[in-house]
Amino acid sequence: MHLTTSAIVRASEDAAADSGVFTIAGVPFWVVYVAAFAIVLVRAQATYWAGRGVARGTARGRVADLLARPGAATVIDRVHRWGPPAVTLSFLTVGVQTLVNLAAGYLRMPFGRYLVALLAGCAVWAGIWTTIGTAAVHGALAVGLRNPVTLAVVGGAVVALVAWVAHRLTRRTQAAAPLDPATPGDGLPDVDREAR
């Protein structure tokens with residue numbers, strides 16, 4: 001059996017038309033949405049509780065090291081200032097969610113407030129990734145099947161853009177003034193230090 005590219009594209013388009021663009025391998029949208037919601041809920045909760053562990057002094061190592069980075073002080077300050085809305089809005093970003101949830105736990109944000117903000121953020125995140133994300137994957141597959149060179153060029157451009165942004169952020173972080181050597185202990189902001 002010899003399949004041509006056009007036959008594969010037609011089969012892919014027929015499958016998408018039958019099951020809808022917001023499905024994965026024929027699984028209905030709501031199942032994909034609930035799975036994405038559950039995954040981000042568990043991950044964010046684990047991060048929050050890891051932050052609570054650092055605040056109590058029971059967690060050491062990578063989690064504490066992450067909170068000791070210079071950029072973390074800014075995120076901790078924003079979470080301290082904005083509270084639960086910072087948690088919800090963090091789900092609209094890429095790369096900041098983990099630190100915001102960690103900071104919420106570290107600052108001992110009351111769990112009830114955190115949970116309300118978390119549920120709203122998880123709902124938004126799951127909605128974005130199960131609609132826009134799934135459509136982007138289907139679109140990339142369609143482009144890749146029709147013209148693999150175009151997909152490779154676009155993919156390379158995305159990788160280059162991400163590398164450039166990461167490089168710029170790294171340079172900006174390294175250029176930032178070092179923490180004040182007079183800051184006692186761990187270099188973290190002086191928030192609830194007495195409670196630790």
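# Buried, exposed and paired residues

Mentor: Valine 94 lies in the loop between α5 (84–90) and α6 (97–106). Keep in mind that this is a predicted model.

Trainee: Why does valine 94 count as exposed?

Mentor: Its relative accessibility is 76%. Exposed means over 50%, so valine 94 qualifies.

Trainee: Which surface patch includes Val94?

Mentor: A nonpolar one, formed by Leu89, Leu92, Val94, Val124, Ile128, Trp129 and Ile132, with about 710 Å² of accessible area together. Helix α7 (residues 111–146) gives the largest share of this patch, four residues.

Trainee: Now asparagine 101. Why does asparagine 101 count as buried?

Mentor: Asparagine 101 is found in helix α6, and its relative accessibility is 0%. Buried means under 20%, so asparagine 101 counts as buried.

Trainee: Which residues does asparagine 101 touch?

Mentor: Leaving out residues up to four places away in sequence, asparagine 101 touches Ala44, Thr47, Tyr48, Val87, Ser90, Phe91, Tyr114 and Leu118.

Trainee: What makes α6 mostly covered?

Mentor: Nine of its ten residues are buried. Among them are Gln97, Leu99, Asn101 and Tyr106. After α6 comes arginine 108, whose phi is positive, near 60°.

Trainee: How many aromatic pairs does the structure hold?

Mentor: It holds seven. In one of them, phenylalanine 29 and tyrosine 33 have ring centres 6.0 Å apart and planes at 35°.

Trainee: Why is the pair of phenylalanine 29 and tyrosine 33 called tilted?

Mentor: Ring centres must lie within 6.5 Å to pair, and planes under 30 degrees apart would be stacked, while over 60 would be edge-to-face. With centres 6.0 Å apart and planes at 35°, the pair is therefore tilted. Phenylalanine 29 and tyrosine 33 are four residues apart in helix α2 (residues 29–56), so about one helical turn separates them.

Trainee: How do you know whether phenylalanine 29 is buried, exposed or partly exposed?

Mentor: Partly exposed is the range between the buried cut-off, under 20%, and the exposed one, over 50%. Phenylalanine 29 has a relative accessible area of 33%, so it is partly exposed. Tyrosine 33, at 23%, is partly exposed too.

Trainee: What makes tyrosine 48 and phenylalanine 111 a tilted pair?

Mentor: Their ring centres are 6.0 Å apart and their planes stand at 50°, so this pair is tilted. The pair links distant parts of the chain, with tyrosine 48 in helix α2 and phenylalanine 111 in helix α7, 63 residues apart.

Trainee: Is tyrosine 48 buried or exposed?

Mentor: Tyrosine 48 has a relative accessible area of 0%, so it is buried. Phenylalanine 111 is partly exposed, because its value is 32%.

Trainee: Which residues form an aromatic cluster with Tyr48 and Phe111?

Mentor: Trp49 and Tyr114 complete that cluster. Tyrosine 114 also touches Asn101 and Ala104, among others.

Trainee: Which residues have the most contacts inside the largest nonpolar core?

Mentor: They are Leu67, Val79, Val87, Phe91, Ala104, Tyr106 and Tyr114, in a core of 28 residues. At least two residues of this core come from each of α2, α4 (70–82), α5, α6 and α7.

Trainee: How many helices and strands does the chain have?

Mentor: It has eight helices and zero strands. Buried residues make up 25% of the 196 residues in the chain.

Technical notes. Residues are numbered from 1 along each chain as its sequence is written. This is a predicted model: local features need pLDDT of at least 70, side-chain atom pairs count only at pLDDT 80 or more; totals for chains, interfaces and linings use all residues. Side-chain values use heavy atoms; hydrogens and water are left out. Patches are made of residues with over 30% relative accessible area and no salt bridge: like charges are joined within 9 Å, nonpolar side chains (Val, Leu, Ile, Met, Phe, Trp, Tyr) within 5 Å. Accessible areas come from the Shrake-Rupley method with a 1.4 Å probe; for residues, only the protein chains shown count as cover. A salt bridge is a side-chain nitrogen of Lys or Arg within 4 Å of a carboxyl oxygen of Asp or Glu. Buried means under 20% relative accessible area, exposed over 50%, partly exposed in between (1.4 Å probe, protein chains only). Contact means heavy atoms within 4.5 Å. A nonpolar core is a set of buried Ala, Val, Leu, Ile, Met, Phe, Trp, Tyr and Cys residues joined through side-chain atoms within 4.5 Å.
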